[in-house]
Amino acid sequence: IEEGSLAKVPTPPTRAGYAFTGWDYDLTTPITQPTAITAQWQARTDTPYIIEYYLQNLEDNNYTLTKTTPCTGETDTTATTEPIVFTHFTFNALYSGNVLSGNIDGKGTLVLKVYYTRDTYDVEVLGNNTKAGTFTNESNTYKYDKEITLSVTTNPGYTFRSEERR
């Protein structure tokens, strides 16, 4: 730019996650010396990110994505999440796949991940009257929602009666 001339107003630049707010120099003022003109930015407060919730499978120890929550936050700040409640599942704080916080990048690519193990329950089959019959002893620890089958064979003259204890 020739000394004493005005700088041309450049096309406003773009920056992911930020809104252009102008230049740090009044472009209606003539340039009289070497001058750096810098774009000014305001972080957007509606930058998207998501939280994914994974529940442990019934038949193996892998996890399945169960719920996705879209969120928004301010670009280049830290988003954090707290575990939510899933009935019969427990937040697995030791699982290495958890991503409970991260930087909300301007491109909106942040994904927080929360993993839950399936609760387990002890099932004990009790029966001490061998004169009445026999049963398969399925006493064990089972994951929540696991269907189990108990077999009972009654001897003549006896009837099987089940009793559930909690």
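1. Let's start inside the fold. At 1% relative accessibility, Tyr116 counts as buried, where buried means under 20% relative accessible area, exposed means over 50%, and partly exposed lies in between, using a 1.4 Å probe and protein chains only. A word on the basis: this is a predicted model, in which local features need pLDDT of at least 70 and side-chain atom pairs count only at pLDDT 80 or more, while totals for chains, interfaces and linings use all residues. Residues are numbered from 1 along each chain as its sequence is written, and side-chain values use heavy atoms, with hydrogens and water left out.

2. Which residues touch the most other members of the largest nonpolar core? They are Tyr49, Ile51 and Tyr116, in a core of 13 residues. Strand 3 and strand 8 each supply at least two residues of this core, and the largest share, four residues, comes from strand 3. A nonpolar core here is a set of buried Ala, Val, Leu, Ile, Met, Phe, Trp, Tyr and Cys residues joined through side-chain atoms within 4.5 Å. Strands are DSSP runs of E with at least two residues, helices are runs of H or I with at least four, and both are numbered from the N terminus.

3. Aromatic rings deserve a look next. The structure holds 11 aromatic pairs. Rings of Phe, Tyr and Trp (its six-membered ring) pair if their centres lie within 6.5 Å; planes under 30 degrees apart count as stacked, over 60 as edge-to-face and the rest as tilted. One of the pairs is Phe20 with Trp41, which is edge-to-face, at 5.7 Å centre to centre and 70 degrees between the planes. Phe20 lies in strand 1 (residues 18-23) and Trp41 in strand 2 (residues 39-43), so this pair ties together parts that are 21 residues apart in sequence. Phe20 is partly exposed at 26% relative accessibility, and Trp41 is partly exposed with a relative accessible area of 26%.

4. Another pair leads back to Tyr116. The rings of Tyr53 and Tyr116 have centres 6.5 Å apart and planes at 40 degrees, so the pair is tilted. It links distant parts of the chain, with Tyr53 in strand 3 (residues 47-56) and Tyr116 in strand 8 (residues 111-118), 63 residues apart. Tyr53 is buried, with a relative accessible area of 4%. Together, Tyr53, Phe86, Phe91 and Tyr116 form one aromatic cluster.

5. Charges also meet rings in this model. The charged end of Lys67 sits over the ring of Tyr53, 5.9 Å from its centre. Arg15 lies over the face of Tyr18, at 3.9 Å from the ring centre. A charge sits over a ring if NZ of Lys or CZ of Arg is within 6 Å of the ring centre and within 35 degrees of the ring normal.

6. Arg44 pairs with Asp46, the closest N and O atoms being 2.9 Å apart; Arg44 is partly exposed at 37%, and Asp46 is partly exposed at 39%. Lys146 and Glu59 meet in a salt bridge at 3.8 Å, N to O. This pair links distant parts of the chain, 87 residues apart: Lys146 is in the loop between strand 11 and strand 12, and Glu59 in the loop between strand 3 and strand 4 (63-73). Lys146 is partly exposed at 37% relative accessibility, whereas Glu59 is exposed at 60%.

7. Two loop residues are worth checking by eye. His88 has a phi near 75 degrees, a positive value in a residue other than glycine. His88 lies in the loop between strand 5 (78-80) and strand 6 (89-91) and is partly exposed, with a relative accessible area of 29%. Asp145 is not a glycine either, yet has a positive phi of about 80 degrees. Asp145 is found in the loop between strand 11 (140-143) and strand 12 and is exposed, at 55%.

Definitions and conventions:
Salt bridge = Lys/Arg side-chain N within 4 Å of Asp/Glu carboxyl O.
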